[in-house]
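Biologist: I would like to learn how to read charged pairs and packed helices in a model. Could you take me through them?

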Amino acid sequence: MTDKLIIGRYIPGNTIIHRLDSRMKMLYVFIFMILIFFCNSWASYGFMVLTVLIIMYLAQIRFWFLIKGLTPVMLLFIFTFIMHLIVTKGGPVIIDLKLFTIEQNGVVQGAFIVLRLALLVMISTIMTLTTSPISLTDAIESMLRPLKKVKFPVHELAMMMSISLRFIPTLMDELDRIIKAQTSRGSDVTAGSIFNRLKAIIPLLIPMFISAFKRADDLAVAMEARGYNASNQRTTYRKLKWKLRDSIGLATIIVVAIALYLLRN
């Protein structure tokens, strides 16, 4: 499972999506996430899925590659769908299981919520796949720069978010090595009942936490040894430049919003 996690990873490329300003991509994703919550029909959700597929095509990201990246959160999707089947009532009864009934509204609402979660994960994953962690840090710091007037630690926040995002694939690789080491000693975390699998996770968590704290300590020592000081005024090697293509790209979200409004009504 760990080799399928793509959230937080960056894949270098020279597509039009890669070349867009990181600030524009963050704004686009933020507005797109808000628009997803206004979807209320199969047509509106279908349109948002089509939009994501077009963005994937422009970024030259393979569909099945992105779908495999959803595997680690698939359990959340299944749990959410099942809960809606049980809790949400209304419409004709599809299945009567005596203890509870599965009704049409439960199926529809469950499918809508799963689609919503999948779209949120997919659009944010596309952003991280096409934007380097350094560019994301610069974008966050640039967009939050006005908060410096009220003494808000903008640079520290941007740095923490960037490091956290960068550590996701690193820690997943570390977890994969721990699982292989445990397997070589005769422990199999992928076999047995659910209870046995949960028990097998505990021996993984301890070395995982130790490794995470060690990596954090090594990073802190390395930054301190290089004289890093967050309070100093820092310059950047790569300057963010807003170009015409960024304005055109951001304007497309207006088209998406208008189309979504028409589909809702």
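**Salt bridges and a helix pair**

Modeller: This is a predicted model. Counted by the salt-bridge rule, it has 2 salt bridges.

Biologist: What lets two side chains pair in this way?

Modeller: Side chains of opposite charge can pair when their charged atoms come close. Here, Arg 23 pairs with Asp 21, and their closest N and O atoms are 3.0 Å apart.

Biologist: Is Arg 23 buried or exposed?

Modeller: Arg 23 has a relative accessible area of 17%. Buried means under 20%, so Arg 23 is buried. Asp 21 is also buried, at 5%.

Biologist: Which side chain does Lys 214 meet in a salt bridge?

Modeller: Lys 214 meets Asp 218, with 3.2 Å from N to O. The two residues lie 4 apart in helix α9 (residues 194-225), so about one helical turn separates them. Asp 218 is partly exposed at 40%, while Lys 214 is exposed at 52%.

Biologist: How are two packed helices described?

Modeller: By the angle between their axes and the distance between the axes. Helix α2 (residues 22-36) packs with helix α7 (residues 133-143) at about 75 degrees, and their axes are 8 Å apart. The two helices are therefore roughly perpendicular.

Biologist: Which residues make the contact?

Modeller: From α2 come Ser 22, Arg 23, Met 26 and Leu 27. From α7 come Ser 135, Leu 136, Ala 139, Ile 140, Ser 142 and Met 143. Sorted by class, the contact has 6 nonpolar, 3 polar and 1 charged residues. Arg 23, part of this contact, also forms the salt bridge with Asp 21.

How values were computed:
Residues numbered from 1 in each chain as written. Predicted model: local features only at pLDDT ≥ 70, side-chain atom pairs only at ≥ 80, totals over all residues. Heavy atoms only, no water. Salt bridge = Lys/Arg side-chain N within 4 Å of Asp/Glu carboxyl O. Buried < 20%, exposed > 50% of the residue type's maximum accessible area, 1.4 Å probe, protein only. Axes fitted to C-alpha atoms, helices over the stretch in contact; angles between N-to-C directions. Parallel < 35°, antiparallel > 145°, perpendicular 65-115°, else oblique. Contact = heavy atoms within 4.5 Å. Nonpolar A, V, L, I, M, F, W, Y, C, P; charged D, E, K, R; others polar.
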